[in-house]
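Take a moment with the sequence and the 3D view. Then follow the two parts of this tour.

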Amino acid sequence: MPRIFVLPEEVASQVAAGEVIERPASVVKELVENSIDAEANRIEVAIARGGSGLIRVVDDGIGMDRDDALLSLERHATSKMRSGHDLARIHTLGFRGEALPSIASVSRFRMSTRPREGLEGTEIVVSAGKMESVRAAGDAPGTQIEVRSLFYNLPARRKFLRTDNTEASHVQHQLLLQAIGHPNIGFILIRDKNLLFQAPPAKSLGDRIRDLRGPEVLEELLEIEPAPANGIVVSGFIGKAGMSRSSRAEQVLFVNGRAVENITIQHGLREGYHTALMKGQYPVTFLFVEMDPESVDVNVHPAKREVRFRDPDTVRNAVSETVHRTLAADRRRWTQSFRRPAEAPMRPVSPEPPAQTRVVNPQPALIPQVEQFALRRDWAEFHSAPSLEKSVPLTPPNPVESPVAPPAIIAGSKPLFEFKLLGILGNLYILMESPDGLVLVDQHAAHERILFEKLRSQMESQGVPTQRLLIPLTVAVTPKDYDWIATNAETLERMGFAMEPFGNSTLKIDGIPPYFSTDNPSVAVRLLVDELRSMTLTTSRLRMGEDAIAKTVCRHAIKANDELHPAEVENLLKNLMTCELPYCCPHGRPTMIQIGYSELEKKFGRRV
Ligand SMILES: Nc1ncnc2c1ncn2[C@@H]1O[C@H](COP(=O)(O)OP(=O)(O)OP(=O)(O)O)[C@@H](O)[C@H]1O
Ligand SMILES: [Mg+2]
């Protein structure tokens, strides 16, 4: 009596469907991807009861003739691949010939399709994988697919579906992803007769993001200037430094037009943002990575959600370099906004008549006002400081000077930045005038950024000086940690640690860096090693130390309530402006915010 049987085709299809079709959103994904592969210009999706009642996808793509329509429902029938060789260079979203038969095996399925030039179309009805009817039909060119009663023949699966609202939101997310991935295609989503979103064909990704997410989101994004390298092109939009979310929900990644989740790209992003991102936060990205299809394996996940790169390091570096470059370009643009002559041109304000259409020059208006309310001594001090009565020209700082040392304006040198200092609010926020309006600088966050970059550059050049311990410590570590420390001794030394092997997996620690203040150095060293080891092996060695610095720099920075002398403020700003990433602290929080004239005008009702 044999124990092994070949499963009936119907059951085999259901098993396959189990992997491919998890919920209504998976059906939408497969059908919409088919429409995209079929060169549709417009794709309309309608769902009822969260998609478990009905999913209808209508496209104006190339359609199918009768024979192809029949074949498309056979398992392993595809127009997108001919041989195993093709599997290594997939250009389309689909390639397995699995989706339609899988969907048809777990629903009541109806397809009506007609080639663009065809005189008539074909309608095929299938229930739970059984062909019920095939007939000529007169629908418009393109393909319409209706999937009703999803999983009606698999009650166990149906039970796993969540509420209609949850399923509908998965569908919506899926369609938004496809809409971002393919801006030139028009998309419509209707739920129970209500229009959930509509995205007309867009000229660019930027337009599509604006249509879907609103102009405020687009304003917070930076467009990548693609710079192809090593056969990889990275393009799209990324969030500005300091812009982040607590989940990956707004991290959209595409590889060769396919929306994917990919750890290699995520590592590249994190490395590229580095200290421009708060711990535990994720960047907002609409990132497109294009490369030779032969360098990426798309056949690694049943729902085609993941890909594997032949050379992950190159991809990670390309992403990280792109992010770094894009943030740096934004920094240059940002810095420029502070370079302006002392006398700003008057800004016309609509919609008031010309006689009143200007904002009062803030210099005479604001400063006397401050004097009137000069309840604190230091305001007088501010005004007596000669450099504050006019624009403060700041020169590049001397790299060795302390950020709180008296200002050093190098005679005859060209001022690097010009802006007007207005005062300090609540012993914390430095107020400045920029060409666009008001800038508030958080003195603590700003100082953290300065200290961080200073220590980092020390670490990269000569190394952070070590503070010798009066009594050396011995710390027992695991053999693995011990090996790791031995191979990374040079990096640890640059970070300011003086340690040497003491035999038997024990280390002798003679010195620690000044920023590494802890009550219990042996525990702290173990934790540090743990943390450093857990970073990706390929993370640049020097970058490892940055996290440790970022963590401790906070303790040394000037605090919120520290009263600063005008000269100190001036120096702080000067040093901040020459930082590589001046607009956020090493933990990714902003060091400054800007309130533009347009926002002020709106608040004062001068503009709607
Ligand atoms: N909307 C459509 N317009 C035109 N042709 C389509 C459409 N949907 C499916 N087809 C045709 O039917 C075939 C089978 O589709 P199916 O989705 O099952 O497989 P696939 O897209 O080739 O691969 P995968 O299983 O990876 O999606 C496709 O290869 C394509 O030729
Ligand atoms: Mg397909």
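What follows looks at the surroundings of a ligand and then at a pair of helices. Keep in mind that this is a predicted model.

Start with ligand 1. There are 21 residues around ligand 1. N34, T78, S79, K80 and E98 come nearest. By class, this shell holds 7 nonpolar, 8 polar and 6 charged residues.

Which elements give two or more residues to the shell? They are α2, spanning residues 24-37, and α4, spanning residues 99-105. The largest share comes from α4, with 3 residues.

Now look at individual polar contacts. In the side chain of T78, an N or O atom sits 2.5 Å from an oxygen atom of ligand 1. R96 also uses its side chain: one of its polar atoms is 3.0 Å from an oxygen atom of the ligand. L100 takes part through its backbone instead, where a polar atom lies 2.8 Å from a ligand oxygen. How much of ligand 1 does the protein cover? On its own, the ligand has 590 Å² of accessible area, and the protein covers 95% of that.

Next, turn to the helices. Two packed helices are described by the angle between their axes and the distance between the axes. Helix α6 covers residues 164-181, and helix α7 covers residues 205-213. They pack at an angle of about 155°. Their axes are 9 Å apart. Angles over 145 degrees count as roughly antiparallel, so α6 and α7 are roughly antiparallel to each other.

Which residues meet here? From α6 come L176, A179 and I180. From α7 come L205, R208 and L212. The residues of this contact divide into 5 nonpolar, no polar and 1 charged.

Methods: Residues numbered from 1 in each chain as written. Chains lettered and ligands numbered in written order. Predicted model: local features only at pLDDT ≥ 70, side-chain atom pairs only at ≥ 80, totals over all residues. Heavy atoms only, no water. Axes fitted to C-alpha atoms, helices over the stretch in contact; angles between N-to-C directions. Helix = DSSP H or I, 4+ residues; strand = E, 2+ residues; numbered from the N terminus. Parallel < 35°, antiparallel > 145°, perpendicular 65-115°, else oblique. Contact = heavy atoms within 4.5 Å. Nonpolar A, V, L, I, M, F, W, Y, C, P; charged D, E, K, R; others polar. Near = heavy atom within 4 Å. Polar contact = N/O pair within 3.5 Å; in protein donor to acceptor, adjacent residues only side chain to side chain. Areas by Shrake-Rupley, 256 points an atom, 1.4 Å probe, with all protein chains shown as cover.
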